[in-house]
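Subject: Handing over the structure

Hi there,

Here is the structure I promised you, followed by some notes on what turned up in it.

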Amino acid sequence: MSRILIANRGEIAVRIIRACSHYGHTSVAVYADQDIEAMHTQLADEAYALAGTSAGDTYLNIEAIISAARVSEADAVHPGYGFLSENADFAAAVEDAGLIWIGPTADTITALGDKVTARQLAQKVGAPLAPGIDRPLNDASEVESFADEHGLPIIIKAAHGGGGRGMKIVYDLAEVSGAFESATREASEAFGRSECFVEKYLERPRHVEVQIVGDGHGRVVAVGDRDCSAQRRNQKLIEEAPAPGLETDQRERLHRSAEAICAEVDYRGAGTVEFLLAADGTMTFLEVNTRLQVEHPVTEAVSAVDLVAEQFRIAFGLGLSLTSTPEPVGHAFELRINAEDPGRGFLPTPGRIDTLQAPGGPGVRWDAGVRAGDTVQPAFDSLFAKLIVHGPDRSAAIARTVTAAKELVVEGPATVLPCSLDILADPAFTAEDLRIHTQWIESELLPRMDAQKRPALMAESDMARMTIEIDGKLTTLGLPSSLFARMGALGGAASTADGSGSTGSAETAGEESGSVTAPVPGSLVDYLVEDGAEVAAGDDVAVLSAMKMETRVQAPASGTLTQVAKVGDTVSVGDVVARVE
Ligand code: ADP
């Protein structure tokens, strides 16, 4: 039995801690300052401080994590997803420290992390691949001749890009050289490497991916496929398994290609091979993610394979538990529960979770990194929980997912849940052949969606609600909050009302006309206009950064702008960052 250090936080750390407990391993958590009381810190057998509040100082700090592994006498490290999970230097540092790295070798991470070498591997094994130039480009003229030969649109991508960044789509030949210049410039700024390549751009494709596990000695088995086309900003929101509407030969081709690509590098551990599938049936290899995915539970639900246990088996030399692709049983969905407001363009809304009631019922799995009273931290990702629902077939699974989503109560931060419910009710999504694509949420769904009302608006803040029973029938009773406050002062049973009343939102503070206020908590990255400049109502005047995302703030009126904060300042929702007079 091992002592496994989990170099992560949130729901995935909790997921891995549970797996440690299931299989008799000791779990060792690490935590940033603000996570001292977090669920993963409390649930782990032991927890060690990383000392710091930013991701860079903590969960991305290789030295601090290796030192925590030494102090805790861990003998293995599980990286989860995100943070350092696809960092070859970290994988090497773990092994150099004499520890077991629960993941593929540093060489595999390097080879597959480079999109050009990954494309070359896909080419070599005959995986489906849109036309492209499989080496770094020298100049724009190469892109122009590629477009001449294969037609438009095309996409120029950073070889070392990630997170949906460093990509330029080109629809017009005249734009090629400008797009090439900006792609290489952005690539070197964002990833420190300027190499770019080009491939044909597939319009309105679905995102389909294959979960694989490999033993590190050339044996690779596809565990199943998933569809993750419901995305916003190229980031997944709803995933499902198996991918609906695939022809048998398409599925076969995807599975065998994924196995072949990974077998080529003697892949060790769990990984995901991503593809795009166009409406005309064209498929193309996209990339390999050399780690556990956020959406791994949908595959677990339909395959009955515990993917974290499989990672343990492989890392500890026990080999794979499966010899061939299991036939999927039923259908599963995952809703990512992110603290974001879809009514405001998926603006992150971190904050305290006042109420959290998880759903239940047949086939329902709740993977959360928080409990009621915890805070969704602005310094980290907005994903704080996942709802995974399994049913006997796709439509039954949709019905169960809708029921569970409606049962789920989150009060405090806004969540993506209203948008997810709209998606689950849309005929394009419920169609057996899934008629959505990766840009569908933004292009089709959002324009039709009403702006979501933010929870905890001031107008409701004078009212507290509680559920009571009258003559055997449940009903909701609304009372002035002040009444509960007075009852609390009398020392009565007022605690039952705690949390059930909406609290005043700081959002409206500082919203007097002329004030430019922060719509998200975060840090002020930059002013876009000089102090004292003339601005028009609606102009972008400042950039805030919260939860790895940049948000622009607009002038509420026309006039002269006065800056009232400093670049780098930390701001809360409603804080005034500028005035327009
Ligand atoms: P990243 O590593 O940044 O996530 P990917 O190569 O996985 O980059 O691409 C991210 C997204 O960009 C895809 O999910 C897809 O929506 C879009 N995309 C990438 N390549 C193509 C292509 N050739 N045709 C159409 N869309 C593409």
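In which loop is Pro-242 found? Pro-242 is in the loop between β12 and α9 (248-264); helices (H or I, at least four residues) and strands (E, at least two) are DSSP runs, numbered from the N terminus. The peptide bond from Ala-241 to Pro-242 is cis, with omega near -10°. There is also a cis peptide bond between Leu-152 and Pro-153, with omega about 0°, and Pro-153 lies in the loop between α7 (140-150) and β7.

Some ground rules before the rest. This is a predicted model, in which local features need pLDDT of at least 70, side-chain atom pairs count only at pLDDT 80 or more, and totals for chains, interfaces and linings use all residues. Residues are numbered from 1 along each chain as its sequence is written, and side-chain values use heavy atoms, with hydrogens and water left out.

On confidence: pLDDT, the predictor's confidence in each residue from 0 to 100, has a mean of 90 for the protein, and 91% of the residues reach 70 or more. Please treat two stretches with care. Over residues 455-461 pLDDT stays under 50, and the model has 18 contacts (heavy atoms within 4.5 Å) for them beyond four places in sequence. Residues 492-511 also stay under 50, with 39 contacts beyond four places in sequence.

**The cores**

A nonpolar core here is a set of buried Ala, Val, Leu, Ile, Met, Phe, Trp, Tyr and Cys residues joined through side-chain atoms within 4.5 Å. Buried means under 20% relative accessible area, exposed over 50%, and partly exposed in between (1.4 Å probe, protein chains only). The largest core has 36 residues, and Ile-238, Phe-384, Ile-423 and Ile-441 touch the most other members. Among the elements that each supply at least two residues of this core are β12 (235-241), β22 (383-391), α13 (417-425) and α15 (440-448). Apart from it lies another core of 27 residues, including Ile-4, Cys-20, Val-221 and Ile-314. Leaving out residues up to four places away in sequence, Phe-384 touches, among others, Glu-11, Ile-337, Val-370 and Thr-415.

**The sheets**

Two strands are said to pair if DSSP finds at least two bridges between them. Strand β9 (residues 196-200) has 4 of its 5 residues buried, so it is largely enclosed by the rest of the structure. β9 pairs with β6 (residues 132-133) over 2 bridges, where Ile-133 is partnered by Val-198. Another 5 bridges join β9 to β7 (residues 154-158). Ile-154 has Lys-200 as its bridge partner in β9 and Val-170 as its partner in β8.

The other open sheet to look at has 5 strands in the order β3-β2-β1-β4-β5, with parallel pairing. β3 (46-49) and β5 (100-101) stand at the edges with a single partner strand each, so one side of each is left without a neighbour in the sheet. β2 (residues 26-31) and β3 pair over 4 bridges, and Ala-29 stands opposite Ala-47 in β3.

**The rings**

The whole structure holds 8 aromatic pairs. Rings of Phe, Tyr and Trp (its six-membered ring) pair if their centres lie within 6.5 Å; planes under 30 degrees apart count as stacked, over 60 as edge-to-face and the rest as tilted. The ring centres of Tyr-171 and Tyr-201 are 6.4 Å apart with planes at 75°, so this pair is edge-to-face. The two tyrosines are 30 residues apart in the chain; Tyr-171 is partly exposed at 48% relative accessible area, whereas Tyr-201 is buried at 18%. Phe-312 and Phe-316 have centres 6.3 Å apart and planes at 35°, so that pair is tilted. Ring pairs also link Tyr-59, Phe-83 and Phe-380 into a cluster.

**Two backbone spots**

Arg-204, in the loop between β9 and β10, has a positive phi near 45° without being a glycine, and is exposed at 52%. Ala-304 likewise is not a glycine but has a positive phi of about 60°; this alanine is exposed, with a relative accessible area of 72%.
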